[in-house]
Amino acid sequence: MAAVPPIADSASHAAPPASLLNPGEADLLANAQAGDHRAFAELYSLHKKRIYSLCMRMVGNAAEAEDMTQETFLQLHRKIATFRGDSAFSTWLHRLAINVVLMHLRKKGLSLISMDEAMEPDPKGSSSRGFGARDLSLSGSIDRMALEQAVSDLPAGYRLVFVLHDIEGYEHHEIASMLDCSVGNSKSQLHKARLTLRETLHSLPRKAARP
Amino acid sequence: MTEEANPMTCHEFQAQLPEMIGSGQSLAAHAHLQHCALCRALLADLETIAEAAHSIFPIVEPPDKLWKQIESAIKKEKAAIEPDEGKE
């Protein structure tokens with residue numbers, strides 16, 4: 001049989017460790033912490049794309065992503081003096097944005113994750129036998145646009161865990177802490193998200209084989 | 001008793017997948033996969049999806065108007081907290 005390599009537990013974080021911050025950004029940060037508005041504007045310019053993109057992935061639409069980005073930088077403005085450098089600034093800001101989005105989703109009354117449901121065995125067995133019973137293989141044939149759409153269509157809880165783990169690179173223990181759930185639940189939600197994506201992608205019309 | 005004498009069913013194997021995958025262990029040598037093409041295909045698909053996830057949702061630029069909105073909101077907050085400075 002062909003070897004099946006392990007699925008990576010996590011992608012690497014894009015944020016550099018604090019020690020790798022360039023001196024220019026460290027100065028900007030210090031000035032912004034001292035109340036320099038121009039320095040804060042520069043920090044916005046440096047981090048706006050990553051934060052806006054994160055919000056887009058998590059909420060799935062541009063209008064809400066703009067609101068979440070705005071709220072993140074407002075909170076940053078309020079809290080920037082409390083940043084002590086225990087982690088990279090970009091990591092700290094990233095977590096701030098995630099918390100803003102999670103608070104927003106909770107206020108909207110979205111059930112992020114039905115953990116009880118996640119841990120219950122599927123009564124129909126569809127998450128086990130059903131998925132495995134297909135003789136199709138996605139390998140090498142995933143259309144990026146189709147996958148983006150399928151991720152956007154995931155239930156909010158599945159999408160959050162998938163985005164945080166498979167796209168943003170957080171570990172399960174970090175996700176569990178953010179979402180206030182167990183590590184096992186995070187693993188289970190991620191698995192169900194991937195299974196749902198597989199099901200969705202298999203249901204799409206097959207494209208002609210690529211060269 | 002060896003695993004081959006009492007092989008794991010697909011249902012049993014797939015029930016354990018979230019934990020096995022989540023803990024990062026290599027499944028290539030798992031006894032069940034040696035004889036089950038369906039579960040091999042399932043695992044390969046899940047890996048493909050996880051790998052493809054790294055390349056979706058590219059980094060995008062927020063609209064230019066956003067900074068103006070943020071700046072305006074910051075000024076309002078400052079004015080509310082420090083009325084004198086807000087009039088500068």
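The structure is a predicted model, in which local features need pLDDT of at least 70 and side-chain atom pairs count only at pLDDT 80 or more, while totals for chains, interfaces and linings use all residues. Residues are numbered from 1 along each chain as its sequence is written, and chains are lettered from A and ligands numbered from 1 in the order in which they are written.

Confidence in chain A averages a pLDDT of 78, with 72% of the residues scoring at least 70. Where pLDDT is low, the predicted coordinates should not be read in detail.

Chain A contains 10 helices and zero strands; helices (H or I, at least four residues) and strands (E, at least two) are DSSP runs, numbered from the N terminus. Of the contacts in chain A between residues at least 6 apart in sequence, 71% join residues at least 24 apart. Buried residues account for 39% of the 211 residues in chain A, a residue being buried if 20 or more other C-beta atoms lie within 10 Å of its own, exposed if 12 or fewer, and partly exposed in between, with C-beta atoms placed from the backbone.

Chain A is assigned domain 1 (21–107) and domain 2 (115–203), with bounds that come from an automatic or database domain assignment. Seven residues of domain 1 of chain A are in contact with seven residues of domain 2 of chain A. On the domain 1 side, helix 2 (37–59) and helix 4 (89–107) of chain A each supply at least two residues. By class, that side holds five nonpolar, one polar and one charged residues; Ala, Val, Leu, Ile, Met, Phe, Trp, Tyr, Cys and Pro count as nonpolar, Asp, Glu, Lys and Arg as charged, and the others, Gly among them, as polar. In chain B, domain 1 (10–53) and domain 2 (59–88) are assigned, and their C-alpha centres lie 50 Å apart.

Between the chains, 47 residues of chain A are in contact with 46 residues of chain B. Helix 2 of chain A gives the most to the chain A side, with eight residues. That side divides into 22 nonpolar, 12 polar and 13 charged residues.

Beyond its neighbours within four places in sequence, A:F162 is in contact with A:V151, A:L154, A:L190 and A:A193.

Helix 7 of chain A buries A:L147, A:A150 and A:V151. These residues lie on the same side of helix 7 of chain A because they cover an arc of only 100° around the axis, the arc being that of the directions from the helix axis to the C-beta atoms. Their cover includes helix 8 and helix 10 of chain A together with helix 3 (37–53) of chain B.

Conventions
Two residues are in contact if their C-beta atoms, placed from the backbone, lie within 7 Å. pLDDT is the predictor's confidence in each residue, from 0 to 100.
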